[in-house]
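Visitor: Hi, could you walk me through a model with me looking on?
Guide: Happy to, here it comes.

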Amino acid sequence: MELENFACPNPTCLDFSRTNAGNIALYTQYGRKQVRLLICKTCNKTFSELKGTPFWDSRLDWETIEDIYRSLIDGRGIRATARQYGLSKNTVKRYLRLAQKNPTTVEAFLLERGVLSKTGHTLHEMVERFSSSWERVVREKRERSVPAWTGSTSEA
Ligand SMILES: [Zn+2]
C-alpha cells in the first residue's frame, strides 16, 4: 500500500485518521516479512503497516500467504492447496476466510505483491467460488459436532 493511503492511528494526533496528509513516512522495516514501520511526522509516533489489518497476527511469511492465495485463485481447492505447500487445511481455510471477510484489504495486498493483476482472475471470483462450498463445510461441521454422548443439541 502506498504511504499516502495510511493514516495516523493515534487518536490524539492532529492528523488522526487522515490520509493523503503528507504526514506518514517510512521509519524502518522489521522481521522476516520486512514489515514497514511507519512514522507520523505530526505526532512522531510509529506504527506498523499491519496494524488493524487482517494480517496483523499472521504467523506465515509473505511468500506462503501469497502462495495460498495464488493457488486458490488459480482454481485449486483447499485440500490441494494445503497439500501443495505442506500446510494444514485449517490454515488455508483461515486465509480464505480473511479474503471473505476483508476482500478489499486482501485484494490490495495481493495487487501490491503482484499476485493479482487488474485484468486477471479477481479475488472476488475466487471468494464467490468458495462461498457455497464453504457454507456447506460449516454446516456439516456443525452437524458432526453434536455431542453423541449427551444426545442433546443444546445451543446455549
Ligand atoms: Zn500522528
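This is a predicted model: local features need pLDDT of at least 70, side-chain atom pairs count only at pLDDT 80 or more; totals for chains, interfaces and linings use all residues.

Visitor: Which residues of α4 are buried?
Guide: In helix α4 (residues 103-112), the buried ones are Val 106, Phe 109 and Leu 110. Buried means 20 or more other C-beta atoms within 10 Å of a residue's own, exposed means 12 or fewer, and partly exposed is in between, with C-beta atoms placed from the backbone. Helices (H or I, at least four residues) and strands (E, at least two) are DSSP runs, numbered from the N terminus.

Visitor: Why are they on the same side of α4?
Guide: Because they cover an arc of only 95 degrees around the axis, taken from the directions from the helix axis to the C-beta atoms.

Visitor: And what is exposed on the other side?
Guide: Thr 104 and Glu 112.

Visitor: What follows α4?
Guide: Gly 114, with a positive phi near 80 degrees.

Visitor: New topic: which residues of α1 meet α2?
Guide: Thr 64, Asp 67, Ile 68, Ser 71 and Leu 72 in α1 meet Thr 81, Gln 84 and Tyr 85 in α2, contact being C-beta atoms, placed from the backbone, within 7 Å.

Visitor: Is Tyr 30 buried or exposed?
Guide: Tyr 30, in strand β1 (residues 24-30), counts as exposed because it has 11 C-beta neighbours inside 10 Å.

Visitor: What does Tyr 30 touch?
Guide: Val 35 and Leu 37, not counting residues up to four places away in sequence.

Terms used
Residues are numbered from 1 along each chain as its sequence is written. Two residues are in contact if their C-beta atoms, placed from the backbone, lie within 7 Å.
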